[in-house]
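Dear colleague,

My notes on what was found in it follow directly after.

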Amino acid sequence: MALFQALSRFVNGNTASQENIDPNQPLDTGVTIISGIDPRATSEAKLIAPAPLPHISRRSLKRVKHRVPVPDTCPYCGNDHVELVEHKTVYKRSYGEWLYLYLCRNQACGAYVGVHPHTDIPLGTLADLATREARKANKSWFMRLMKRQQCGLNIGYLWLSEEMNIRAEQCHWSMFDVDLCEQAGAICKAKFEDGTILMPKNFSRAK
Ligand SMILES: [Zn+2]
């Protein structure tokens with residue numbers, strides 16, 4: 001198959017149709033990404049905030065360059081009752097600036113994800129308990145590495161996407177499943193422990 005692909009690429013050239021078999025192309029993690037700013041950010045129409053949000057801000061919508069769709073079905077239990085709720089529905093104590101979540105209403109599941117401040121745009125994909133724990137534990141290596149590098153998170157994510165060979169817009173802890181968390185965590189842990197200063201080839205591109 002590899003030989004066929006190589007021959008095919010040789011014959012056809014590096015066309016768009018060959019992208020999915022080009023080993024140099026970043027891999028698609030499968031997370032749906034809508035690129036570009038939410039059209040509501042520039043619409044004339046009055047912004048309607050879905051309950052229980054008090055408002056939605058155009059300025060905040062504009063900050064989100066790539067977004068994932070609002071979840072309507074839970075990928076873990078298949079429940080189609082996913083609802084925007086206040087933090088206090090899940091947490092005993094509320095913290096953060098924008099205290100809302102998308103929550104799978106199947107009580108046995110309870111997957112959830114946060115929301116970009118002053119918008120109704122999810123921060124990523126729904127996470128069940130195992131995914132939340134994997135995101136938290138592995139992200140801590142990333143954060144320790146970024147702190148040591150004194151590196152901005154945008155640059156850090158760009159570096160990580162290259163290390164993982166995934167699309168940059170899909171490279172965020174809130175979009176990772178358990179496997180991707182473990183892969184990303186292992187990369188960050190190894191870099192942290194070997195003590196070398198990172199020199200990602202695209203640091204200049206990220207500025
Ligand atoms: Zn669920």
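Leaving aside its neighbours within four places in sequence, which residues is Trp 141 in contact with? They are Gly 185, Cys 188, Lys 189 and Phe 192, where two residues are in contact if their C-beta atoms, placed from the backbone, lie within 7 Å. Trp 141 itself lies in helix 3 (residues 129-149), and helices here are DSSP runs of H or I with at least four residues, while strands are DSSP runs of E with at least two, both numbered from the N terminus. The C-alpha atoms of Trp 141 and Phe 192 are 7.4 Å apart, although 51 residues separate the two along the chain. Trp 141 counts as partly exposed because 19 other C-beta atoms lie within 10 Å; a residue is buried if 20 or more other C-beta atoms, placed from the backbone, lie within 10 Å of its own, exposed if 12 or fewer do, and partly exposed in between.

Before going further, please keep in mind that this is a predicted model, in which local features need pLDDT of at least 70 and side-chain atom pairs count only at pLDDT 80 or more, whereas totals for chains, interfaces and linings use all residues. Residues are numbered from 1 along each chain as its sequence is written. The mean pLDDT of the protein, that is, the predictor's confidence in each residue on a scale from 0 to 100, is 87, and 84% of the residues reach 70 or more. Over residues 1-19, however, the pLDDT is below 50, and beyond near neighbours in sequence this stretch has six contacts in the model.

As to the overall layout, the protein has six helices and five strands, and from the N terminus on these elements run α-β-α-β-β-β-β-α-α-α-α. Of its 207 residues, 24% count as buried, and among contacts between residues at least 6 apart in sequence, 57% join residues at least 24 apart.

Three strands form an open sheet in the order 3-4-5 with antiparallel pairing, two strands being paired if DSSP finds at least two bridges between them. Strand 3 (82-86) and strand 5 (112-114) are the edge strands, each pairing on one side only, and the twist from one strand to the next averages 25 degrees. Five bridges link strand 3 and strand 4 in the antiparallel sense; among them, Val 82 has Cys 104 as its bridge partner in strand 4, and Glu 86 has Tyr 100. Strand 4 and strand 5, also antiparallel, are joined by three bridges, and Gly 114 in strand 5 is the bridge partner of Leu 101.

Strand 4 is mostly covered, with five of its five residues buried: Tyr 100, Tyr 102 and Cys 104 point one way, and Leu 101 and Leu 103 the other way. Leu 101, placed in strand 4 (residues 100-104), counts as buried because it has 21 C-beta neighbours inside 10 Å. Leaving aside neighbours within four places in sequence, Leu 101 is in contact with Val 85, His 87, Val 90, Tyr 112, Val 113, Gly 114 and Val 115.

Turning to the helices, the axes of helix 4 (residues 153-164) and helix 5 (residues 178-194) come within 10 Å and cross at roughly 110 degrees, the axes being lines fitted to C-alpha atoms over the stretch in contact and the angles running from 0 to 180 degrees between N-to-C directions. Helix 4 is therefore roughly perpendicular to helix 5, a term that covers angles of 65 to 115 degrees, with those under 35 counted as roughly parallel, those over 145 as roughly antiparallel and the rest as oblique. Leu 160, Glu 163 and Met 164 in helix 4 meet Gln 183, Ala 184 and Ile 187 in helix 5.

Most residues other than glycine have a negative phi, and most peptide bonds are trans. A cis peptide bond, with omega about 5 degrees, joins Ala 51 and Pro 52, and Pro 52 sits in the loop between strand 1 (34-35) and helix 2 (58-63). His 118, in the loop between strand 5 and helix 3, has a positive phi near 60 degrees. Gln 150, in the loop between helix 3 and helix 4, likewise has a positive phi, of about 50 degrees, and counts as exposed because it has 6 C-beta neighbours inside 10 Å.

With kind regards
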